[in-house]
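Please keep the view open as you read.

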Amino acid sequence: MRYLKTIFGMLAVVIGLSGCGKPFEVEELPEEQLAELTMGRHTIDLMVGDTFQVPTKVTPDSLAGRGIYWESADTTIVRISEGKVVALAPGETSVKAIAMAGEKSDTCHVRVLPLWVIDPYVFRYDMVVYADVKVNNQNAHDNMVVGVFGQDEDGLSQLKGLGNLRRSADGLTYMQLRIYSNNDNGEPLSVKCYDRSQALLMESNDRLTFENNSTLGTL
C-alpha cells in the first residue's frame, strides 16, 4: 500500500491508495480553521473625548461577513462598538476583536491621554515661537495638536505650551506656540504632536530652551 499527499490551494487533502486504486481516506480542513482575524492597528493613542475606527480584516474573504464582537478590557477608560473606540478617561487598556464563535481574535493596546489644557495664570514667564511644523514630511493640519512640555516642581512632565495653527493673508500656514514657565531662562523643552485623525502621539527630535519674554522665528 502507498500514500499520496497533495496540497490544493489552502486545503490539505490526504488520499491513501490501495493496490487496486480505491481511495479509502479523504480529510479536508474546515475553512474556519484556516481563517485569520487581524486588526489594522495594534497600538493607538487617543485624547479624552476622541474616537477612532480600528480597521479589522477577516480572511479568506468568504468569511468577511461573519459577525465580529468587540470588548474593552476596561470600560472606564475606553468603550468600543463596531470597531469604533471612544476615549473616556486617561489611562491604558486594550480592546479585542473576536470572530468565528470566539475561535479567532486580535488585540489592540490603547493609551488615552488627558486633554491638553493649559492655565497661563499659574506661570510667571512666557515666550512665543513661530514655527513651520511638518510631521512625516506633511504640513501640520487642523487635526493635529502640538504641545510643548517641560517639568513641574517635582520633576514630572508638565504641559507648558500649545500651538495654534494659523494662516496668513497670502496663504502661508504656520504654527504659533505660546510657551510658559516659572523659570525665567534655560528650561529645556520638548515638543509632542498628537494627530487625532491617525490616533497617534509623536515626539519631535527638536528641542527648545525657554527664554523669558522672547520671540523665536518670524513669518
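Which strand gives the most to the lining of the second largest pocket? That is S17, with three residues; strands here are DSSP runs of E, at least two residues long, numbered from the N terminus.

Before going on, note that this is a predicted model, in which local features need pLDDT of at least 70, side-chain atom pairs count only at pLDDT 80 or more, and totals for chains, interfaces and linings use all residues. Residues are numbered from 1 along each chain as its sequence is written, and side-chain values use heavy atoms, leaving out hydrogens and water.

A pocket is an open set of points on a 1 Å grid over the protein atoms alone, where a 1.4 Å probe fits, with protein on both sides within 12 Å along at least five of seven lines; lining residues have an atom within 4 Å of a point. The largest pocket has a volume of about 330 Å³, volume being the space filled by probe spheres set on the points. Its 17 lining residues include Val133, Lys134, Val191, Ser204 and Asp206, the closest to its centre. S19 supplies the largest share of that lining, five residues.

Now turn to the sheet, where seven strands lie in the order S19-S18-S15-S16-S17-S12-S20 with mixed pairing (two strands pair if DSSP finds at least two bridges between them). S19 (200-211) and S20 (215-216) stand at the edges, each with a single partner strand, so one side of each lacks a neighbour in the sheet. Within the sheet, S15 and S18 run antiparallel, joined by six bridges, and Val146 stands opposite Cys193 in S18.

Cys193 is buried (under 20% relative accessible area, with a 1.4 Å probe and protein chains only), at 8%.

Technical notes. Buried < 20%, exposed > 50% of the residue type's maximum accessible area, 1.4 Å probe, protein only. Helix = DSSP H or I, 4+ residues; strand = E, 2+ residues; numbered from the N terminus.
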